[in-house]
Amino acid sequence: MSAPTHPEVKELNPVDFIQLQQYIEYCRLKVKDVLREFDADGRLARHRHGECINEEGFRLFLKTYLEVEDFPVDLCQRLFRSFQNSEPAQEDCAKEVFLKDVSCYFSLLEDGQPRDKLEFAFKLYDRDGNGVLDSSEVDRIIAQMMHAAKYLGWDVSELRPVLKDMMTAIDADSSGTVSLDEWVEGGMNNVPLLVLLGLKMTQKDGQHLWRMKHFNKPVYCNVCQSMLLGLRKQGLCCTCCKYTVHGRCANRNPAPCTRTYVKSKKETGVPTHDWVSGNCDSRKCEKCQKKIKSLQGLTGKHCVWCHTMRHDECADQEPTRCTCGPLRDHILPPWAIYPVIKERPNNVKNGSSGSADDSELNTTPDGQVLQISPVPNTHPLLVFVNLKSGGKQGERVLHKFQYLLNPRQVHNLCNGGPAPGLSFFRNLQNYRILVCGGDGTVGWILDAIDKANLLVRPPVAVLPLGTGNDLARCLRWGGGYDGEDLSRILKDIEGSSQVLMDRWTVQVIPDENQEKGDPVPYEIINNYFSIGVDASIAHRFHTMREKHPQKFNSRMKNKLWYFEFATSETISASCKKLGESISIECCGTPLDLSSLSLEGVAVLNIPSMHGGSNLWGETKRCDAKGMASQEEPDVIVDPEILKVTSQDLSDRRLEVVGLEGAMEMGQIYTGLKSAVRLAKTSQITIRVKKALPMQIDGEPWMQPPCTIHITHKNQASMLMAPQAKSAGFFNYK
């Protein structure tokens, strides 16, 4: 008799699946690593019964794979019961699920190359290892693919016939069996399946960057010209050109994607529209200014570069020259990029790693290197996106910029870091950089610019995707991206102004005969350095996030956790009487801390810390006028002069403040008070007598007794956003 079912917990829902994906995003292990634990000599072998595992074995599979102690029990139960639907349960295994079904399913969701996933799934079901699967085993793999696709939001009624067609094509000899080579070749030629497997593409001319998409209005297929139907994600849409197809039509030789460069230098400087048909319903024609009416099919054309729309008959009329539209100042159109034959260094010819010039992102399939000949009077934008910042925001921002700009301008930092993009732009004189990420990502890019030895140091703007985003706040880019129109942000970049920002070198020298502490996260300070109470809170936050990353998947959750740790620090006061454990010298002048009851000291380069706290506080403009007229000394410690001294990103000075406790930090955050001003200096030395928590730009660590030297390194060119327009008289400042 089969086990009783519980309808209320049997079905997974989309929220469950999103939660599961968030766990998997932080996985360090692969499914194949966990499978070894269920082998005969593995520590989980006793939970495996033939081809099956019981509910306890399934729970331990999740615990091992996701590396979490407290995976939700109810979600674990729903997941387990969803696998019981894979095959009709028999009496002896009604409370068990097939280990290979579980493994196949999770391997589809984890990060990796589609070819590897296809091979893994095949070998998982190739029970006897003879390199051949029969049709029933292949059906089992497809069932798990359908299972994954359903919770990714796909319309599986569209995917099922695509996979069935693939199976018919693979088994060309109608033998009823499929070899590994046949399976991999068939899978790698099936576009919807590759998208499902998480295809990682390099941008090649003519290759669409497909993603499954839900359309909330009638849309027509660019191949068969019929409507995309379904309630979920109905079809594939190209990120770059918006070419749209049914899943089944993606394998029917669709028209190539838009070009991203011209074939020779002779073709540069010739601006032409690149039209894509269809899906312009209810828009106004740029040529005749009349509405583009729906004809129950592909309607109108839109240009990939200037994004204007025209009737089909208006598209061929003058003007045929493309202006690149409102974003002209930022765009590198294809007629500004051309290939040249370039001799490769010997180390590349010998198979060793080459410079960033040889990145696949900057070369043609036949090995020619792409060069830029920018459109006159423009400032091409080089965009770096950190997908690990801001949850799914990074992915959405990446896709949107790949459409608004040339995809070759937009670089995913998870694919090779910033070097390929900087190398591609290195010979340009007038260009800007946009960093989409947190403060740590900005620091990464600034370091890369230092090391790249560029002809010109380009100015850097920030689209804040992190948690604190202190640097973005100081430069007026905001405390966090909330889905605003990216076209408007690009216009703000066009109207931005350049400012210089000081950067500082920090040298940590451990005392002799001291045990080694945590590694120092950075050698450069862009924002701030601190010791004591605030670093203790940050260290607790960091440690908890390392253990339970799934609990820190939103900006709001992070702030709530930070508040909780600040509350516990208020009670414990772990850094009490800090003045007895450290000594500070500013340009050789010692600071007297004996009369102060401090629990923390912060060294500031910018007027924002911990997501908007101004520790130095405001200085009245009338008070600061007298100081502005004279050259500032290397060090100021006089309290009366410090009262009228303001902060400046580019004054080659650091501000030193004292913190009296976690409670005071809360008052500073709400603007009720500021920290104790201790000094303003051009260099600083701190001697630490006991192990204390420290942090640089939000990255904490525990540091044993040491000596710390902070000196000026250089100045980075940054972009300050335009002043926000006031909403009315009472907002005037």
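Visitor: In the crossing of H13 and H17, with which hand does H13 pass H17?
Guide: The model is predicted, and the helices in question are H13, residues 393-404, and H17, residues 486-494. The crossing in which H13 passes H17 is right-handed.

Visitor: How are H13 and H17 oriented to each other, roughly parallel or roughly perpendicular?
Guide: The axes of H13 and H17 come within 11 Å and cross at roughly 70 degrees. Angles from 65 to 115 degrees count as roughly perpendicular. The relation of H13 to H17 is therefore roughly perpendicular.

Visitor: How many charged residues does the contact of H13 with H17 have?
Guide: From H13, the residues Val397, Lys400, Phe401 and Leu404 meet Leu486, Ser487 and Leu490 of H17. By class, this contact has five nonpolar residues and one polar residue, and the number of charged residues is one.

Visitor: How are H4 and H6 oriented to each other, roughly parallel or roughly perpendicular?
Guide: Helix H4 spans residues 55-66 and helix H6 spans residues 99-109; their axes come within 12 Å and cross at roughly 30 degrees. Angles under 35 degrees count as roughly parallel. The orientation of H4 and H6 to each other is therefore roughly parallel.

Visitor: Which residues of H6 does H4 meet?
Guide: H4 passes H6 in a right-handed crossing. On the H4 side, the residues in contact are Phe58, Phe61, Leu62 and Tyr65. Their partners in H6 are Leu99, Val102, Ser103 and Phe106.

Visitor: How many residues of H6 are buried?
Guide: H6 is largely enclosed by the rest of the structure, because the number of its residues that are buried is 11 of the 11.

Visitor: Is histidine 311 buried or exposed?
Guide: Histidine 311 is found in the loop between strand E11 (309-310) and strand E12 (337-340). Leaving aside neighbours within four places in sequence, its contacts are Cys285, Cys288, Lys290, Lys291, Ile292 and Gly300. Buried means under 20% relative accessible area. Histidine 311 has a relative accessible area of 14%, so it is buried.

Visitor: How far apart in space are glycine 466 and lysine 388, C-alpha to C-alpha?
Guide: Glycine 466 lies in the loop between strand E17 (460-464) and helix H16 (470-474). Glycine 466 is buried, with a relative accessible area of 14%. In sequence, glycine 466 and lysine 388 are 78 residues apart, while in space their C-alpha atoms are separated by 9.1 Å.

Visitor: How far apart in space are leucine 196 and alanine 148, C-alpha to C-alpha?
Guide: Leucine 196 lies in helix H11, residues 191-196, and is buried with a relative accessible area of 6%. Leucine 196 and alanine 148 are 48 residues apart in sequence, and the spatial separation from C-alpha to C-alpha is 8.4 Å.

Visitor: In the protein chain, what share of the contacts with a separation of 6 or more is between residues 24 or more positions apart?
Guide: The secondary structure of the chain comes to 22 helices and 30 strands. Of its 733 residues, 50% count as buried. Among contacts with a separation of 6 or more, the share from residues 24 or more positions apart is 72%.

Terms used: Residues numbered from 1 in each chain as written. Predicted model: local features only at pLDDT ≥ 70, side-chain atom pairs only at ≥ 80, totals over all residues. Heavy atoms only, no water. Axes fitted to C-alpha atoms, helices over the stretch in contact; angles between N-to-C directions. Helix = DSSP H or I, 4+ residues; strand = E, 2+ residues; numbered from the N terminus. Parallel < 35°, antiparallel > 145°, perpendicular 65-115°, else oblique. Left-handed = near helix turned anticlockwise from the far one by under 90°. Contact = heavy atoms within 4.5 Å. Buried < 20%, exposed > 50% of the residue type's maximum accessible area, 1.4 Å probe, protein only. Nonpolar A, V, L, I, M, F, W, Y, C, P; charged D, E, K, R; others polar.
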